[in-house]
Amino acid sequence: MRHRFTVIEGGAGIAAGADTVVDGPFSETTVDETPVTWRIDLRRAIVVGADEVAAWRALLIRAGGGDSVHADPDYLLSAAQHQSGGRDILFALAWAVGSGPDRLAAVVPLALPHTLWGHSRIVLWQPHGVTVAPVFAAETEAAVREALTERLRELRPRATLALAPVARPDAKAVVPASHLRAVAPRASIPAHSLVGVRSLRAPVPARVERISDPYAVRDAVEAFLLLDAEVSSAPIIGDPSEAAMVRVVTRLFAQRRQAMVELTRRDGAVVAATLILGTGAGAVRWRHAEGDVAPERIDRLA
């Protein structure tokens with residue numbers, strides 16, 4: 001008996017899944033008045049190729065808005081490999097195939113249900129700590145959803161595809177920086193308890209060094225992890241998956257000159273460190289660790 005497909009509110013109709021990389025053509029529609037056939041490629045993070053990554057970034061530019069850091073393939077693919085939580089993650093790449101070269105029109109990250117206890121629901125996958133909407137080229141969302149549903153229906157006819165509404169460029173989908181992983185510094189003596197105590201020498205000003213050279217960023221990240229291990233109640237280094245993600249993401253972003261590490265030193269010792277991804281107005285203060293930094297003058301070094 002053939003099972004009926006399901007449509008749930010806020011999503012698209014039934015879906016399926018795949019245990020291997022699968023490509024599939026179908027569903028004719030029009031984009032900019034040009035007839036096209038949609039091809040949906042399902043890729044695990046580890047097999048997404050350089051050409052697909054380049055097309056993905058070009059799509060982000062065309063789509064505009066959104067979050068240029070967390071939506072970047074270097075971030076999402078790394079998160080899928082290192083922090084999937086045991087879930088089977090696939091990236092659906094929707095290509096418009098027609099006159100001229102194939103053009104990537106959408107990237108939709110999906111979490112497949114477990115074969116035994118997944119409740120047969122295929123859902124949008126989000127990396128831990130942030131909310132990133134799937135990216136669609138203009139005027140293609142409805143057609144891509146239909147093509148994706150049809151493709152997944154062929155693979156898992158008894159599953160349900162649940163796609164949440166896509167956030168628009170003017171909507172702030174990403175969790176604010178203040179909601180990112182908090183680092184609890186070691187307890188220090190309150191300032192009001194130090195009345196009458198005088199230092200025997202003038203305080204040494206803290207100095208901030210900004211590191212963006214791809215070769216130097218690696219060592220700076222290790223300095224950050226060491227400080228975090230000393231001052232944090234839940235050190236990153238204690239979670240191998242998170243530590244691996246921090247190292248991989250900063251390395252990949254640094255290769256494109258999209259990462260910076262700020263190290264605050266006093267007397268040669270690192271007392272605060274910040275990992276920054278992206279540049280300009282789109283930069284994100286991704287991770288921060290801070291020890292006992294007094295509010296004295298800070299010299300900032302480029």
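Begin by selecting helix H3 (141-155), where the buried residues, meaning those under 20% relative accessible area, with exposed over 50% and partly exposed in between (1.4 Å probe, protein chains only), are Glu141, Ala143, Val144, Arg145, Ala147, Leu148, Thr149, Arg151, Leu152 and Arg153. Helices (H or I, at least four residues) and strands (E, at least two) are DSSP runs, numbered from the N terminus. H3 has 15 residues, and from its first C-alpha to its last it reaches 21 Å, close to the 21 Å expected at 1.5 Å a residue, the expected span being 1.5 Å times one less than the number of residues.

This is a predicted model, in which local features need pLDDT of at least 70 and side-chain atom pairs count only at pLDDT 80 or more, while totals for chains, interfaces and linings use all residues. Residues are numbered from 1 along each chain as its sequence is written, and side-chain values use heavy atoms, with hydrogens and water left out.

Next, colour the model by pLDDT, the predictor's confidence in each residue, from 0 to 100. The protein averages a pLDDT of 77, and 69% of the residues score at least 70. Select residues 1-22, where the pLDDT is below 50 and where the stretch has, beyond near neighbours in sequence, 73 contacts in the model, a contact being heavy atoms within 4.5 Å. Then select residues 165-186, where the pLDDT is also below 50 and the contacts beyond near neighbours in sequence come to 45. Where pLDDT is low, the predicted coordinates should not be read in detail.

Move on to the aromatic rings. Rings of Phe, Tyr and Trp (its six-membered ring) pair if their centres lie within 6.5 Å, with planes under 30 degrees apart counted as stacked, over 60 as edge-to-face and the rest as tilted; by this rule there are three aromatic pairs. Show Trp56 and Phe91, whose ring centres are 5.6 Å apart with the planes at 50°, so the pair is tilted. This pair links distant parts of the chain, with Trp56 in helix H1 (residues 50-63) and Phe91 in strand S3 (residues 88-98), 35 residues apart. Trp56 counts as buried at 2% relative accessibility, and Phe91 counts as buried at 0%.

Trp125 lies in the loop between strand S5 (121-124) and strand S6 (135-136), and Phe91 in strand S3, so the pair ties together parts that are 34 residues apart in sequence. Both Phe91 and Trp125 are buried, and ring pairs link Trp56, Phe91 and Trp125 into a cluster.

Now select Asp72, in the loop between H1 and helix H2 (73-82), which is buried, with a relative accessible area of 5%. Leaving aside neighbours within four places in sequence, Asp72 is in contact with Arg57, Leu60, Phe253 and Arg256. Two of these residues can be viewed together: Arg256 lies over the face of Phe253, at 4.9 Å from the ring centre, where a charge sits over a ring if NZ of Lys or CZ of Arg is within 6 Å of the ring centre and within 35 degrees of the ring normal.

Finish with two backbone positions. Most residues other than glycine have a negative phi. Glu139, in the loop between S6 and helix H3, is not a glycine, yet has a positive phi of about 65°; Glu139 is exposed, with a relative accessible area of 78%. Asp267, in the loop between strand S9 (259-266) and strand S10 (269-277), has a positive phi near 55°, and at 54% relative accessibility Asp267 counts as exposed.
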